[in-house]
Amino acid sequence: MLVAMVAFLAMATVAFCNPAAPAGDISMKGAKKGAVNLSHKMHAEKAGISDCKTCHHSWDGKAAPQKCDSCHKEKKDGKTPSMKTAAHKQCKGCHKKSKNKAAPTSCKKCHKK
Ligand code: HEC
Ligand code: HEC
Ligand code: HEC
Ligand code: HEC
């Protein structure tokens with residue numbers, strides 16, 4: 001009985017919470033310069049970013065956020081900047097502003113071959 005209750009509560013918690021950020025690292029493999037690693041856990045814990053919309057700016061807050069490249073393509077399209085511009089503005093932009101030495105701003109620290 002207790003086991004069933006715990007299992008039910010665990011499921012209910014998952015069902016009622018917002019979609020969770022991926023636990024493991026994500027390798028963004030679009031760049032010829034080399035794949036870029038992104039850790040949700042590190043950005044939440046060490047960089048202290050709690051709002052998903054800081055990065056998933058177009059997110060409706062309900063279903064799982066879409067991948068950036070479902071909108072940001074290789075080339076700029078009307079108002080939508082290219083994936084490169086979007087990624088560099090967002091990732092490098094915050095890293096520069098943070099003045100945190102652990103936040104990489106050099107090509108090779110983000111792009112790994
Ligand atoms: C803070 C991390 C970061 C830094 C620093 C950075 N990039 Fe990127 N870059 C990215 C991400 C993320 C993408 C998008 C990757 C994807 O779409 O999978 C990207 C995309 C690109 C692309 C377009 C994809 C391709 O290769 O065709 C190029 C070119 C690129 N970066 C070159 C550079 C160069 C040159 C530098 C140094 C001056 C640099 N990047 C520094 C994160 C970074
Ligand atoms: C520091 C920026 C950043 C923050 C903060 C962030 N994300 Fe992400 N997230 C990304 C990037 C970049 C990707 C990779 C997108 C891609 O591959 O195009 C991603 C991918 C994801 C994916 C996988 C999407 C897919 O279809 O593969 C999910 C789910 C997700 N994020 C959920 C969240 C949730 C929930 C939060 C808030 C708790 C969050 N993220 C906070 C940057 C961030
Ligand atoms: C549903 C489509 C969509 C998704 C998904 C999306 N974007 Fe965007 N993004 C846009 C559009 C459209 C614009 C231009 C208009 C605006 O600023 O809202 C934009 C603008 C931006 C800008 C501002 C660029 C500038 O020139 O100031 C950045 C940075 C950016 N996106 C980064 C990202 C990143 C990183 C992700 C993934 C974590 C992402 N976007 C996911 C549609 C999207
Ligand atoms: C709003 C601010 C912010 C945004 C947006 C952001 N970062 Fe960061 N990032 C940080 C900070 C702060 C650190 C250093 C954290 C610490 O103290 O260790 C960091 C560290 C990192 C590191 C080094 C640590 C590690 O996991 O290896 C990588 C790589 C990284 N970020 C990639 C990215 C990429 C790729 C993006 C865009 C998709 C991104 N970041 C967007 C703030 C940000």
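**View 1. Histidine 43 beside ligand 4.** In this predicted model, a polar side-chain atom of histidine 43 sits 2.8 Å from one of the nitrogen atoms of ligand 4. Histidine 43 is partly exposed, its relative accessible area being 21%.

**View 2. Histidine 95 beside ligand 4.** Here too we look at a nitrogen atom of ligand 4, with a polar side-chain atom of histidine 95 lying 2.8 Å away. Histidine 95 has a relative accessibility of 13%, so it counts as buried, the limit being under 20%.

**View 3. The iron atom of ligand 4.** Zoom in on the metal and you'll find His43 and His95 coordinating it, each through NE2, at 2.0 Å. Histidine 43 belongs to helix H2 and histidine 95 to helix H3, so the pair ties together parts that are 52 residues apart in sequence.

**View 4. Asparagine 100 and an oxygen atom of ligand 4.** This close-up picks out a polar side-chain atom of asparagine 100, 3.0 Å from an oxygen atom of the ligand. Asn100 is listed among the closest residues, along with His43, Cys91, Cys94 and His95.

**View 5. The whole shell around ligand 4.** Step back and 18 residues surround the ligand. Eleven of the shell residues are nonpolar, six are polar and one is charged. H3 gives the most, with four.

How values were computed: Residues are numbered from 1 along each chain as its sequence is written. Chains are lettered from A and ligands numbered from 1 in the order in which they are written. This is a predicted model: local features need pLDDT of at least 70, side-chain atom pairs count only at pLDDT 80 or more; totals for chains, interfaces and linings use all residues. Side-chain values use heavy atoms; hydrogens and water are left out. A residue is near a molecule or strand if one of its heavy atoms lies within 4 Å of it. A polar contact is a pair of N or O atoms within 3.5 Å; within protein, one must be able to donate a hydrogen and the other to accept it, and residues adjacent in sequence count only if both atoms are side-chain atoms. Helices (H or I, at least four residues) and strands (E, at least two) are DSSP runs, numbered from the N terminus. Ala, Val, Leu, Ile, Met, Phe, Trp, Tyr, Cys and Pro count as nonpolar, Asp, Glu, Lys and Arg as charged, and the others, Gly among them, as polar. Donors are N, O and S atoms within 2.8 Å of the metal (3.2 Å for Na, K and Ca); water is not among the atoms, so sites may look incomplete. Buried means under 20% relative accessible area, exposed over 50%, partly exposed in between (1.4 Å probe, protein chains only).
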